[in-house]
Amino acid sequence: MKKNKPKTRMSYKFLFALPFFIFMIMMVVVPLSLLFFYAFFEDGSFTFAHIQYFFTDSVSVRILFRSLGIALLATVIAILIAFPIALGLATAGFKRSHTILMLFIMPMWINLLLRSFALRELFGIIGVERGLFALVFAIVLDYLPLAIIPIYVVISGTSKKYIEASQDLGANPTQVFTKTILPLSVPGIMAAFLLVFTPAISTYFLVQYFGDNSTRMLGWLLFQLNINSEFGRASVISIALLIIVVLTILITNRLSKRGNKRGGLW
Amino acid sequence: MKKKIIYASFIFLVIALVYAPILMLVAFSFSETRIMQTDNFQFGFGTWRDLFQNQRIMSALFNTILIATLSAALAVIIATFACMGIIKMKRRAQSATMILNQIPFINATIVTAFSLVLLFAALGIFNAGYFKLILAHTLICLPISVLVILPRLRSMDQNMFEAAQDLGAPPMHAMFSVVIPQLMPAMIAAFLLGFSLSLDDFIITQFNNDGVHTISTVVYSYTRIPPPRELRALGALIFGLVLVILIFVNIYLGKRRKKSEVNR
């Protein structure tokens, strides 16, 4: 029966997706290609000038490494805070754990700019100086929900059973933590890492709100270059950010797979 | 038991930290002083009066809701059709499409924002803030819409659409009276998620707005120090709205959960 289906009926179905493809090609593929075009072409001819500028102007490379450092620091701190919260909510048996989780997620619906504005005002009142501490604090506070959610989902999902099983099999609390909880929550931790690290490394308004001259980051540089219409150099920064994000995805994927395996083998 | 207390106190501490800034804003929205001063709290509703008289902020509020509504709706329409097409594609084409769909999701927002600046510059579109923002925000909403609608479509009986046509319904009619009603819950969920993503966007809007302000960019645009006092009231207003909406949603979901438990 199925083979006899008239062919015309099959053929038009994928056309439903046509507007989607046109839209995505116009808004994603073309713009990303334009980044490479602007990075390597100037007035219609091929050039390495923008790339060269990035590596030789002494500011860009320093900002690159500083961004990696600040984003890494903030992400690690966010995960260190998020992990016990997620673990507690998933395993400690709070009566209203869903409501507490909701309390953590709720600020995400309040406009990010308003939240940052509020924090800046609070810092102003209690006298926290602008700089590395204020910036990292702000990044951690703003993106904490993005770290809590994936870890909570992983722990409260599959691993809860394994935790009980390992307790039943006589593991002491330390063993339960190092051999069961930690390896099993690696995928969640890696997802959290990706979700926090990407916005952290590319933020610019937080740098403007909380940072000083010593905490300028890649996103800030890109923002300034865009304002000055230096599209070539800005494209190079964008490509650097693209590469960083892709590498982060590859590394976190790798690690979360390995974590899974170890979790399975304990 | 001891463990639970340690967890509870840590959680409480972090919640206090998370809410301290916004609650302070709410408290000081009832103080009329120009600058927030802990030792000089003058109760009054001046900030709120200023807020509703501030044309810039009011039009930004309107723009935010307009752009979020239109973009989320447009994204849901494109995504619904896209899912109907995607589901009929070969496996490899499907996974390639999903990767394409994920790109704006995974990519750093600032890179998306800047690449759109390049696109609009290359196309020669200038001073068209609303047009640019609706396109850009549709891009923000589209991936999540596809991710929400596709599983729902997969779980539906694939033969319904054919069956309706075999019974004589023209394709469009079959779609609107058979497929769409079943997809409705997923479409509404996709709309709401897209809407909230659009509300929260700052970077893409800031790069492409051509002077059209949303809440995010209008807050950002007040760079002078001290900032105008009505921003405190704006923060309090949005906090209050979110709180009320979430409480209602929670009550509604709780009721539904209880209902389904009773039915079981």
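The reply below begins with the contact between the chains and then turns to each chain and to selected residues.

Reply: The model is predicted, so local features are given only at pLDDT of at least 70 and side-chain atom pairs only at pLDDT 80 or more, while totals for chains, interfaces and linings use all residues. Residues are numbered from 1 along each chain as its sequence is written, chains are lettered from A and ligands numbered from 1 in the order in which they are written, and side-chain values use heavy atoms, with hydrogens and water left out.

The contact between the chains draws on 73 residues of chain A and 79 residues of chain B, where contact means heavy atoms within 4.5 Å. About 7000 Å² is buried between chain A and chain B, and carbon and sulfur atoms give 80% of this area. Buried area is the accessible area (1.4 Å probe) that two parts lose on being put together, summed over both. Three residues, Phe16(A), Phe20(A) and Met27(A), supply 10% of the area that chain A buries against chain B, more than any other three residues.

Leu89(A) counts as buried because its relative accessibility is 3%; buried means under 20% relative accessible area, exposed over 50%, and partly exposed in between (1.4 Å probe, protein chains only). Leu80(A) is 9.7 Å from Ile189(A), C-alpha to C-alpha, at a sequence separation of 109 residues.

Chain A as a whole contains 11 helices and 2 strands, these being DSSP runs numbered from the N terminus (helices H or I, at least four residues; strands E, at least two). Its order along the sequence is α-α-β-β-α-α-α-α-α-α-α-α-α. Chain A is more spread out than a compact globule, because its radius of gyration is 23 Å, well over the 18 Å that the globule rule gives for 266 residues. This radius is taken over C-alpha atoms, and the rule is 2.2 Å times the number of residues to the power 0.38. The C-alpha atoms of chain A fill a box of roughly 75 × 70 × 35 Å along the principal axes.

Of the 266 residues in chain A, 52% are buried. The accessible surface of chain A is about 13000 Å², with 67% belonging to carbon and sulfur atoms; such areas come from the Shrake-Rupley method with a 1.4 Å probe, and for residues only the protein chains shown count as cover. Among contacts in chain A between residues at least 6 apart in sequence, 74% join residues at least 24 apart.

Chain B has 11 helices and 0 strands. For chain B, too, the radius of gyration is 23 Å, well over the 18 Å that the globule rule gives for 264 residues, so chain B is more spread out than a compact globule. Its C-alpha trace spans about 75 × 60 × 35 Å along the principal axes, and 50% of its 264 residues count as buried. The accessible surface of chain B comes to about 13200 Å², of which 68% belongs to carbon and sulfur atoms.

In chain B, Thr214(B) lies in the loop between helix H9 (203-208) and helix H10 (215-221) and, at 5% relative accessibility, counts as buried. Apart from neighbours within four places in sequence, Thr214(B) is in contact with Ala60(B), Thr64(B), Ile67(B) and Thr205(B). Asn127(B), by contrast, counts as exposed at 71% relative accessibility and is placed in the loop between helix H5 (109-123) and helix H6 (129-155) of chain B. The phi of Asn127(B) is near 50°, a positive value in a residue other than glycine. In chain A, Ser229(A) also has a positive phi, near 55°, and is likewise a residue other than glycine. Ser229(A) is in the loop between helix H10 (218-227) and helix H11 (231-265) of chain A.
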